[in-house]
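Dear colleague,

Here is the structure I said I would pass on. My notes on it follow below.

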Amino acid sequence: MTLEPPKGLKSNLVRTYNRFTDQYVNGSSKPDEWKRLVFGLCLFHAVIQDRRKFGPLGWNIRYDFTDGDLNVSLAQMHEYLDKFEAVPYRVLRFLFTEINYGGRVTDDKDRRLINNLVSTFVGADVLSDGYAFSPSGTYMSLGLPTVKEYLDAIKAYPIQPKPEIFGLHENADITCDQNDTYDMFATVLSLQQRVASSKGKSQEEVIGELAADVLGRLPARFDMEQVQGRYPTTYHESMNTVLAQECIRYNTLLSVMERSLKETTKALKGLVVMSPELEKVAFSMYDNQVPDMWAAKAYPSLKPLSSWVNDLLDRCRFIAEWVESGTPAVYWISGFFFPQAFLTGTLQNYARKHTFAIDTVSFGFQVMDGLGPEPPAPEDGCYIRGLFMEGARWDDKVRLLGESRPKELFTEFPIIWLRPEQHRKKPEGGLYDCPVYKTLTRAGTLSTTGHSTNFVMYLELPSDKDQGWWINRGVGLFTSLAF
């Protein structure tokens with residue numbers, strides 16, 4: 001048997017306090033500190049559990065935090081409050097977020113988040129009267145004498161909490177509702193009949209037309225002899241190697257697609273046997289999903305098949321223009337199979353040009369929102385475009401990160417100058433280390449190259465707010481959206 005946590009912040013708190021007694025609530029040598037910190041920790045427990053409903057915006061990975069984590073944390077806090085004259089907040093926060101709860105957190109961005117969240121709920125400010133856990137003041141620090149009074153106060157909370165208590169923007173509610181809707185439609189689609197109705201086109205006809213359409217739009221594979229002849233491997237231009245590797249990867253994908261589409265078309269006509277692999281390709285196309293056979297050879301993407309094919313054509317066009325017209329002034333970072341190789345190549349070019357050791361070179365960042373549509377290439381480094389931001393937006397009037405507009409979930413980010421520097425010292429304040437991901441799922445696995453399959457890099461973006469504000473917001477940049 002399993003015991004699932006209640007759905008909702010309010011229900012979670014009610015269930016937790018129903019387990020307490022008046023003796024437990026008042027059972028400390030520092031009663032006021034104990035009562036307020038217990039409430040703060042229980043609210044923190046409810047927040048990190050209910051934050052999962054926002055999907056990757058809440059947590060990169062969905063963690064199963066349990067009542068056992070809360071019980072151990074409460075026991076440790078009780079012991080430390082009785083043992084020390086001053087409350088050791090730093091020790092308590094370390095125990096909570098690095099051991100008790102943090103022992104489950106495997107993603108470094110999630111670890112950064114939980115360490116930031118806990119400071120709102122467990123700290124010296126929690127002991128002051130009128131301290132609010134949320135900007136609106138709905139959730140205040142409570143130091144009440146009985147469990148009944150706590151329960152009465154909790155029951156006055158709204159049934160549907162606003163995203164502010166989680167540290168998120170109001171738009172997060174839209175993201176949550178969208179996630180629920182997509183899950184429901186995915187379930188409905190999985191139950192869809194595979195038999196066509198008496199009217200309209202048959203399933204085989206629809207799949208055949210789709211296969212013919214995609215096959216007709218596929219570009220020709222890149223001529224590797226021509227590419228390597230025009231862009232040979234040289235010491236001073238690492239981008240030639242990056243281009244050749246990208247062409248090889250796209251050729252592999254195009255070959256798999258062309259072969260499977262032709263075989264599927266033949267199988268629909270009864271000319272060859274419809275193998276399980278071809279059947280999966282056909283059914284995926286009918287459901288407007290990317291077949292697993294293609295996805296295994298492709299770049300990470302969440303797009304449906306129709307958008308995915310258009311995106312593939314745009315990517316191939318970007319590489320083809322690079323081959324035909326030379327190195328672009330602005331790189332479309334979304335068009336790379338493996339953007340980490342492109343970033344390393346940029347650093348190599350700079351290090352070799354100035355005869356620096358590459359391990360002493362790193363990127364500086366500058367948002368170039370004043371550039372025209374076709375700027376010249378920079379002397380050092382490179383310009384990149386094609387990033388989308390979630391959780392915030394770039395305010396070009398003040399040239400800083402700003403709050404998202406209502407109902408605007410994603411915004412296109414301006415061109416960024418990746419400027420290599422030797423022995424660069426990172427600015428101490430006024431920045432947000434914004435993670436860049438390939439897809440909206442955010443979570444990835446460590447590949448054999450030593451890189452994540454999803455995370456690309458951190459970008460330093462100027463901000464007039466504390467970095468923790470944007471960490472709680474779940475602000476991130478993406479090379480590709482889900483539509």
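**Strand β7 and other findings**

T411 lies in strand β7, residues 410-412; helices (H or I, at least four residues) and strands (E, at least two) are DSSP runs, numbered from the N terminus. This is a predicted model, in which local features need pLDDT of at least 70, side-chain atom pairs count only at pLDDT 80 or more, and totals for chains, interfaces and linings use all residues. Residues are numbered from 1 along each chain as its sequence is written, and side-chain values use heavy atoms, with hydrogens and water left out.

T411 counts as buried because its relative accessibility is 11%; buried means under 20% relative accessible area, exposed over 50%, and partly exposed in between (1.4 Å probe, protein chains only). Leaving aside residues up to four places away in sequence, T411 touches L387, F388, M389, A392 and R393, where a contact means heavy atoms within 4.5 Å.

For the protein as a whole, there are 16 helices and 11 strands. The C-alpha trace spans about 80 × 70 × 40 Å along its principal axes. Of the 483 residues, 48% count as buried. Among contacts between residues at least 6 apart in sequence, 72% join residues at least 24 apart. The protein exposes about 23600 Å², with carbon and sulfur atoms supplying 53% of it; accessible areas come from the Shrake-Rupley method with a 1.4 Å probe, and for residues only the protein chains shown count as cover.

M184 lies in helix α8, residues 172-190, and is partly exposed, with a relative accessible area of 47%.

Most residues other than glycine have a negative phi. N288, in the loop between α12 (276-286) and α13 (292-295), has a positive phi near 60°. N288 is partly exposed, at 32% relative accessible area. Phi of H423 is also positive, near 50°; H423 sits in the loop between β8 (416-422) and β9 (431-437). With a relative accessibility of 56%, H423 counts as exposed.

Regards
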